[in-house]
Amino acid sequence: MIFISLEGIDGSGKTTISKMIKNNLIQKGHKVLLTREPGGEPLAEELRRIVLDKNTSITPWAETLLYVAARKQHLESIIIPALKEGTIVICDRFMDSTSAYQGYGRNIGMADVTELQNIVLGATKPDLTIFFDITPKEAQIRLLNRKRNIDRLEQEDQKFHEAVYEGYQMLISENSDRIKVVDSRKPINEVLQQVDFLIDNVLSERMKK
Ligand code: TMP
């Protein structure tokens, strides 16, 4: 039915809020699947474990292909069947993460990553992508306050995270119809209100069709 992806740099708060978004939609009577990338499905979760393992050494292109392989598996076995059933799918990260992190952050090239994903993913793209905006500096502070261990990507230096943020800004300006920005530095209830507004708009547009 409707496919929503959530994007942002590490520490942007999107994962915490994703559960609240799901609950709000369920309360409004919708069928909702909240899933994540890399992951959301047994093989893709296994690829997540490998790609985020701090002890694994992976070249930039191999890293790109692992993320895209996990995405293809997840898309075909979980996302597309759910959309066909009329479920609202909320995915914590999707194709824009690969463009920002690998395309820009790892210097693979945004155009090459877009071409690869167009070939591999086909026509199923998010109807709405919400970018949780927070500066890399603020995000870093949030990450340092976290209790859990940081993963292979999170442990990258500040320069990498700044490049990823820049990559996202390029994606936002090139896809302004699809990618909407919310201010993730605001109190969580205000962020949630901004998100609900965006989702309600997409749902009511869909009803008109
Ligand atoms: P998460 O912490 O949001 O679950 O995401 C896992 C990490 O993987 C995060 O640092 C972002 C990174 N990532 C990529 O580099 N490329 C991708 O395509 C995806 C989905 C995630």
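Mentor: Let's start with a term: a residue is buried if its relative accessible area is under 20%. Keep in mind that this is a predicted model.

Trainee: Okay! Is Phe 131 buried or exposed, then?

Mentor: Phe 131 has a relative accessible area of 1%, and the limit is under 20%, so Phe 131 is buried.

Trainee: And what about Tyr 165, buried or exposed?

Mentor: Tyr 165 is buried too, with a relative accessible area of 18%.

Trainee: What do Phe 131 and Tyr 165 form?

Mentor: They form a tilted aromatic pair, with 6.3 Å from centre to centre and 50° between the planes. Phe 131 lies in strand 4 (residues 128-133) and Tyr 165 in helix 7, so this pair ties together parts that are 34 residues apart in sequence.

Trainee: How many aromatic pairs are there?

Mentor: The count comes to five. Another one of them joins Tyr 101 and Phe 160: the ring centres are 6.1 Å apart and the planes are at 55°, so that pair is tilted.

Trainee: Where do Tyr 101 and Phe 160 lie?

Mentor: Tyr 101 is in helix 4 (residues 95-105), while Phe 160 is in helix 7 (residues 158-174), so the pair links parts 59 residues apart in sequence. Both Tyr 101 and Phe 160 are buried.

Trainee: Which residues form the aromatic cluster?

Mentor: One cluster is made by Tyr 101, Phe 131, Phe 160, Tyr 165 and Tyr 168.

Trainee: Back to helix 4. How many of its residues are buried?

Mentor: Helix 4 is mostly covered, with 10 of its 11 residues buried. Among them are Met 95, Thr 98, Tyr 101 and Gln 102.

Trainee: What covers the buried residues of helix 4?

Mentor: The cover includes strand 1 (2-7), helix 3 (60-84), helix 5 (110-121), strand 4, helix 7 and strand 5 (179-183).

Trainee: Which residue follows helix 4 with a positive phi?

Mentor: That's Asn 107, with a phi near 70°.

Trainee: New topic: how many residues surround the ligand?

Mentor: There are 14, and the closest are Asp 10, Arg 48, Arg 93, Thr 98 and Gln 102. Thr 98 and Gln 102 are also among the buried residues of helix 4.

Trainee: How far is a ligand oxygen from an N or O atom in the side chain of Asp 10?

Mentor: For Asp 10 the distance is 2.8 Å. An oxygen atom of the ligand is also 2.8 Å from a side-chain N or O atom of Arg 48, and for Lys 14 the value is 3.1 Å.

Trainee: How much of the ligand's accessible area does the protein cover?

Mentor: The protein covers 95% of the 470 Å² that the ligand has on its own.

Conventions: Residues numbered from 1 in each chain as written. Predicted model: local features only at pLDDT ≥ 70, side-chain atom pairs only at ≥ 80, totals over all residues. Heavy atoms only, no water. Phe/Tyr/Trp six-rings, centres within 6.5 Å; stacked < 30°, edge-to-face > 60°. Helix = DSSP H or I, 4+ residues; strand = E, 2+ residues; numbered from the N terminus. Buried < 20%, exposed > 50% of the residue type's maximum accessible area, 1.4 Å probe, protein only. Contact = heavy atoms within 4.5 Å. Near = heavy atom within 4 Å. Polar contact = N/O pair within 3.5 Å; in protein donor to acceptor, adjacent residues only side chain to side chain. Areas by Shrake-Rupley, 256 points an atom, 1.4 Å probe, with all protein chains shown as cover.
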